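Hi,

Here is the structure I promised to send over. Have a look first, and my notes follow below.

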Amino acid sequence: MRHIQISLILFCLALLTGPATAQIDFDNIQLKARVGYNIGATAPLGIPASIRGIESFKLIPDFRVGFDAMYPLSEKFGIAAGLFFETKGMDGEVTTKGYHMKVKMDDAEMEGLYTGHVRQKVQQRMLTIPLQLSYRISEKVELTGGPYLSLLLAKEFSGYAFDGYLRKDDPTGAKVVMGNQEGEWATYDFSDEMRTCQLGATVGVNWDLFRRLGLSADLSWGLTGIHRSDFKTVEQTLYPIYGTIGIFYRIK
Amino acid sequence: MKYFYYIVTLTMILTSCIKDEPQNTECDILEAWVEGDHLAQHFFQNTDMRIREVSSGTDLLTFTIRNHASLPAMPVYFKLSSGAVVSPANGSEQDFSNGPVTYIVTSEDGQWHRTYQVDFREASLPSSSYDFEDFELSSNGNYYVWYDTGNDGAIDRIWASGNEGFMIANPNADAKDYPTVPDENGFDGYCVRLTTRATGSWGKAFKKPIAAGNLFLGAFDSKYALTNTLKTTQMGIPYTKEPVKVTGYYKYSPGEVFTDKDSREVPDRIDEPSIYSVLYLNHDEQGNEVMLHGDDVLTSPYIVRTAQEEALPATSDWQPFELTFKGTIPIDADLLANRGYSLALVFSSSKTGDTFEGAVGSTLYIDKVKITFQTEQTTENAQ
């Protein structure tokens, strides 16, 4: 993971410093305002066997709004940077069998293997700076790709385990039943253990539709987990993986 | 738009790649029983042939029988965790005449084991005096447990407390800081000290902010410790004599601040201890086992005798208490002799601690408890 981070940073620097050495003709810069709908999840890469089913997955109205500027390097290639405000959330329910979890409240911890239901909520508000290479494949269609950096302004990772039981410490430990109403289920909140800075990569496509208006689709894939690397409570590292469907308006 | 298609596909992959179900890691005995009409003669009640709802913390299963000497080899059947296997084989005849037989349960994935002792014990005459000198640390070493030594010299785990439930909410607490602990400053030797404790952040989250110190005849099952605490207390053990009174010594000091279940202070309310005992029919009309829990131990229709002290004033010196059993429902002597009645005896440092109302710090000391039975009293009266 460290190697990916370093190479990403080097790539960003190369993108930034590349054009700086050449003469920049500011008149050539294309400025786009964008608004989009984010859809996706915060998920492990490969669902562990201890997760037995996905009971529900609520679509959260997550959006992305901002602008980017593209500087053409040649007829087909260009580089772009942008600034976006976006939200990436999740609200889902899974069933587990012997899923390793630790729930913590202040100084008291409860760790063990949980079989039952888990409702998980993630909410993130962030400023995202994408750096992209673009390649025009036809008159109307342009492909983009590159790294991004997100700074989180607000973050929440919380949930509760209900309608199941925990075997304390290991499968032979005390069996503790979790009920299906508030006061009988185990809540957890690991918001404070989330990173404030996320790195990832995006690929996307822009499609010029009508005059200055266009449609875009992007996929952003987090390369850093949403929690700090020393956080081991959740069994797997969770990555933000979101797609954006949007429209853009070419200001200039 | 093909990228949109890829995004959708990717989301589908992420949400649909549920792996094959892992093999079960649990290795519990959930239920144990002996079957066959020809074996029923060795038991007092048919329900004694089955141990239901074995709690996850139990590793000793005891069947109570009439006579050990005439006990044939017994086939014991088990209901195990899904996929688990037991050795010796489930339902195989084993000789219990030399004491408990060890069974090892292995989980479906083969990685986990639990060792259980299964024993067939002759019903011992109920003890009548409890001095709380016999205690030890629980098998996990976290808290204290009390036991009685039966007339065959073997340990009888007749006493239970909520300590196991407290452990779940406070896994790092020292054994001395649990609600129910031994205290060397007894009336003589050790006594038992019951203290109402705060259960910490967990307890608060589950709206169970306090744990009264308690000790009772029966068993505790932590399964519902966070959800339905009243069901964790299985009150009572079979008794074959009719109790007349419970006597003993106590000291009590109420905690300073009385709080309700939402941890709100209730001004001017002073905490009180509680000591009570009931004798109840342990089978219903259909012959099903009856077990009283925290929610019905004083209200169940199966209760035939109740002994309860109205008021136990705070005292820093040992004071005697005497509770007389009251009730008019006739007691069936034959049923009594055949373990058809159970006796519950409960001590608690906060009278309303079962509904999480009480004062943290309320402390009840109990020592030299004696249950006087019908026959003994007749003898005493004759002297």
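Starting with the lining of the second largest cavity: its residues divide into four nonpolar, seven polar and four charged (Ala, Val, Leu, Ile, Met, Phe, Trp, Tyr, Cys and Pro count as nonpolar, Asp, Glu, Lys and Arg as charged, and the others, Gly among them, as polar). This cavity has a volume of about 120 Å³, the space filled by probe spheres set on its grid points, which are joined across faces, edges and corners. A cavity here is a set of points on a 1 Å grid over the protein atoms alone where a 1.4 Å probe fits but cannot get out, and lining residues have an atom within 4 Å of a point. Of the 15 lining residues, A:Arg34, A:Arg64, A:Phe84, A:Ser216 and A:Asp218 are the closest to the centre.

Before you read on: this is a predicted model, where local features need pLDDT of at least 70 and side-chain atom pairs count only at pLDDT 80 or more, while totals for chains, interfaces and linings use all residues. Residues are numbered from 1 along each chain as written, chains are lettered from A and ligands numbered from 1 in the order written, and side-chain values use heavy atoms, leaving out hydrogens and water.

Now the interface. The contact (heavy atoms within 4.5 Å) takes 47 residues from chain A and 38 residues from chain B. Between them the two chains bury about 3,800 Å², 70% of it on carbon and sulfur atoms; that is accessible area (1.4 Å probe) lost on being put together, summed over both. There are three salt bridges between chain A and chain B (a side-chain nitrogen of Lys or Arg within 4 Å of a carboxyl oxygen of Asp or Glu). One of them joins A:Arg167 to B:Glu26, with the closest N and O atoms 3.1 Å apart.

Cheers

Conventions
1 Å grid on protein atoms, 1.4 Å probe; cavity = no way out; pocket = protein on both sides within 12 Å on 5 of 7 lines; lining within 4 Å.
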